[in-house]
There are 2 protein chains.
Amino acid sequence: MLEAVERKIEQYVLDLNEPDIAKVVSKIPAGKRLRAKLMLEIAGNGLSVVKSAAIVEMIHAASLLHDDVIDDASTRRGVDSINAIFGNKSAIMVGDVLYSKAFYELIDIDRFVAKSISNAVVQLSIGERKDVYMGDSFNTDKAAYIEMIYQKTAALIEAASESAAILAGKPKDIYKTYGRNLGIAFQMIDDILDIVSDSKTLGKPALNDFKEGKTTLPYIYLYEVLNTEDKEKLKSLHKRALKLNEQEWILAKFKEYNIIEKAKQEAFELINEAIEIMQKAGEHGLEAIAIKMVDRSF
Amino acid sequence: MLEAVERKIEQYVLDLNEPDIAKVVSKIPAGKRLRAKLMLEIAGNGLSVVKSAAIVEMIHAASLLHDDVIDDASTRRGVDSINAIFGNKSAIMVGDVLYSKAFYELIDIDRFVAKSISNAVVQLSIGERKDVYMGDSFNTDKAAYIEMIYQKTAALIEAASESAAILAGKPKDIYKTYGRNLGIAFQMIDDILDIVSDSKTLGKPALNDFKEGKTTLPYIYLYEVLNTEDKEKLKSLHKRALKLNEQEWILAKFKEYNIIEKAKQEAFELINEAIEIMQKAGEHGLEAIAIKMVDRSF
């Protein structure tokens, strides 16, 4: 069913009548198309669902183009990022084209869908900015972290689920909760993977987020349990290129206090709630998508 | 009447509940608010007109934030640009927030207005990209230049006029033509001013556009009339830091062939057509705005 969404995205890009832009867009890896998958699962593959899913995926792609410029990223999904291939300016401009074309098409969709999705884009723009600025200092505020990842990542997944429910005439609130939980859990897991996944070059976790100043959930939990001296030590390592022994000290502390399990648990609870909601609603496809997310990379 | 538009923009920014973003936005110089002025002149100051004008001005501001990053500009309207004050990343992110908030509010306006304005944003994103890439080589194609400035500058002015006419229940086509003519002429005049205005530091025209690779209308006309040898010389100076004698050679050639007058004439014809249309329609306020544009800086 995703094939129809891919074709719709291609058509929207062809509409622009700009071969150079189409060429850049063709180099953006499609990724998992999680948002489109959820929408098709919730609402089937009618034309307005396919259009809405294509719009959401174009918005997601545009946001990643800009994020990679903001984060000075050189890779995305294991391949060279668009800013790395075509330069930052091209990534900004093609992102703007994708955003505006997506909004142009969104006008023709149901008004409540258009409000939901456009509101999510406001949230994700604010969230991406917060992500950058929160990295300036060591953040110990869990609520601020959750709000930021909600805005940056979950808002669009939530809106995608809600929009699909609206289009399908299903009760939108449970789908909205499902999407929000999945989105927040997805970002939490992503942040945990930065700590537990071995980097290809190092053969051990690179702790990139912390180096960039991002105090993700495990760091917030670790800070909470450390004694005063170790609290200061952790803070002193924030936003720095870590030496090998410093990296190992952090990893040892995570292990000592069982932090990674605690953070995983928090993500799993959100996913379990999402699974339960969909069990009750008899939405087994959505249950399966949520279960798959738990298995992701652990 | 513009005061109501300014207050609406402020309210939209306050809605975001992000004081840091509001602070950045407050540093964006308001400019002439040409688009809002046209809209109020066409459609009066009812709430939906004021909202639409605020949306168009937010879109315009967002596009300038991104343009200044793309063009490595350090000033805008005589003051430091947002990217110069807060950095490129901040300009990109705040631009995205303004764009998305504008689109979110646009959903609640008349559907035809929303289509017109969102289509203009697609055009201006494509136009900005063309402006950059056309600067890679010496462009002698007048039609390509006109299309690019139409997209980059005139499309949003055209959509603003058309949208106001729709909201006022006036015949939209003449207002659309008026806006398009004004927009194209506005950009042509801007491009001419780069050649005839003395730079503050040099005391003579800096020919910045040509240095950046932009072959604007006067250069296209000049190339058409030069002999083969001088054609090559002009091309050899393209996209380079010009020496004093090279700059003087270009200015002498412009004078010899009366090129600036010819380019001005082309802009004036567009404006005259716009004035005539509005004379016939009895729109004296719009006539006056067009007349003022001719007087601008010559």
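**View 1. The two copies, chain A and chain B, superposed by a rotation.** In this predicted model, chain B is superposed on chain A by a rotation of 180 degrees with 0.0 Å of shift along its axis, at an RMSD of 0.0 Å, where the copies are fitted by least squares on the C-alpha atoms of residues with pLDDT of at least 70 in both. The two copies are thus related as by a two-fold rotation axis. Residues are numbered from 1 along each chain as its sequence is written, and chains are lettered from A and ligands numbered from 1 in the order in which they are written. Because the model is predicted, local features need pLDDT of at least 70 and side-chain atom pairs count only at pLDDT 80 or more, while totals for chains, interfaces and linings use all residues.

**View 2. The side of chain B that touches chain A.** Here 28 residues of chain B are in contact with 28 residues of chain A, two residues being in contact if their C-beta atoms, placed from the backbone, lie within 7 Å. Helix 4 (47-70), helix 6 (88-106) and helix 7 (111-134) of chain B each supply at least two residues of this side, helices being DSSP runs of H or I with at least four residues, numbered from the N terminus. Helix 7 of chain B gives the largest share, 12 residues. By class, this side of chain B has 15 nonpolar, five polar and eight charged residues, where Ala, Val, Leu, Ile, Met, Phe, Trp, Tyr, Cys and Pro count as nonpolar, Asp, Glu, Lys and Arg as charged, and the others, Gly among them, as polar. Since 100% of the interface residues of chain B are also interface residues in chain A, the copies meet through the same surface.

**View 3. Domain 1 and domain 2 of chain A.** Chain A is divided into domain 1 (1-109) and domain 2 (121-298), with bounds that come from an automatic or database domain assignment, and the C-alpha centres of these two domains lie 24 Å apart. In chain A, 17 residues of domain 1 are in contact with 19 residues of domain 2. On the side of domain 1 that touches domain 2, helix 3 (34-43) and helix 4 (47-70) of chain A are the elements that give two or more residues, and helix 4 of chain A gives the most, with nine residues.

**View 4. The end of helix 13 of chain B.** Just after helix 13 of chain B, B:Asn258 takes a positive phi of about 55 degrees.
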